[in-house]
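Here is a short report on charged side-chain pairs. Look at the sequence and the model first.

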Amino acid sequence: MMKNKVLLSKSITSLILLILTNTGALFAQSATDISHEYALKAMLAAKEKAEKLDVLVNIAVVDAGANLKAFIRMDDSFLGSIDVAIKKAKTSRYFDINTGDLGRLTQPGGIIYNIELSNDGLMTFPGGVPIKNKEGKIIGAIGVSGGTIDQDHEIATVGSNAIIE
C-alpha cells in the first residue's frame, strides 16, 4: 500500500513538471515581463526628467509580477518616499491603471472605496504608471514619489514611455 502511494506521488510530481516544462512556466522571465535593460531605461529616463524639473524623487520599477526590478533614491530625496514610490509602482501593476485614475474610484462613495487598505497598503494618488511593451502588453510599472503629485505623474509617464520610443 505504501509503495503504491509513493509511486502515485512520483507520477503526479513527474506529470506536473512535464506540464510546467511544456507551458514555459519554469522559466524565470516571460516575454511579457520587463527586462532589466528596460527597467533601467525607464528608471533613468524618469530620473533625467526629475533633474530637468529640479525635483528630488525616489523611482521604483516593478516587473509583471509586481516585484521590484529597479530602484533609485536621488540624493537628499525624502526617506518616506522610498516606500511610497515602490507602493505606487506595485499598485499600478496590481490593477494595470495609473494610480491617480485608481484614486478617483476610491473616494468616499466611489465604487472601490477603501481598496487602498488591501494588499498591505496601496497608493491611490498620482505617480504610478503601467509600463507597456511595443505591442501594448503591460510588462511592469513605475512609481515616483517626492515631488508634487503632478510632478510625480509626469516623471513616471516619461519613464513608462521611454521603452516604446
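Buried means under 20% relative accessible area, exposed means over 50%, and partly exposed lies in between (1.4 Å probe, protein chains only). By that scale Asp152 is buried, at 2%. Lys88 is buried too, at 0% relative accessibility.

This is a predicted model, in which local features need pLDDT of at least 70, side-chain atom pairs count only at pLDDT 80 or more, and totals for chains, interfaces and linings use all residues. Residues are numbered from 1 along each chain as its sequence is written, and side-chain values use heavy atoms, with hydrogens and water left out.

A salt bridge is a side-chain nitrogen of Lys or Arg within 4 Å of a carboxyl oxygen of Asp or Glu. The count by this rule is 7 salt bridges. The table lists some, including Lys88 with Asp152.

| Pair | N to O distance |
|---|---|
| Lys87 and Asp83 | 3.4 Å |
| Lys88 and Asp152 | 3.0 Å |
| Arg104 and Asp101 | 2.2 Å |

Helices are DSSP runs (H or I, at least four residues), numbered from the N terminus.

Lys87 and Asp83 both lie in helix 3 (residues 80–95). They are 4 residues apart, so about one helical turn separates them. Lys87 is partly exposed at 22%. Asp83 is partly exposed at 39%.

Arg104 and Asp101 belong to helix 4 (residues 99–105). Their spacing is 3 residues, again about one helical turn. Arg104 is exposed at 59%, whereas Asp101 is partly exposed at 29%.

Notes:
Helices (H or I, at least four residues) and strands (E, at least two) are DSSP runs, numbered from the N terminus.
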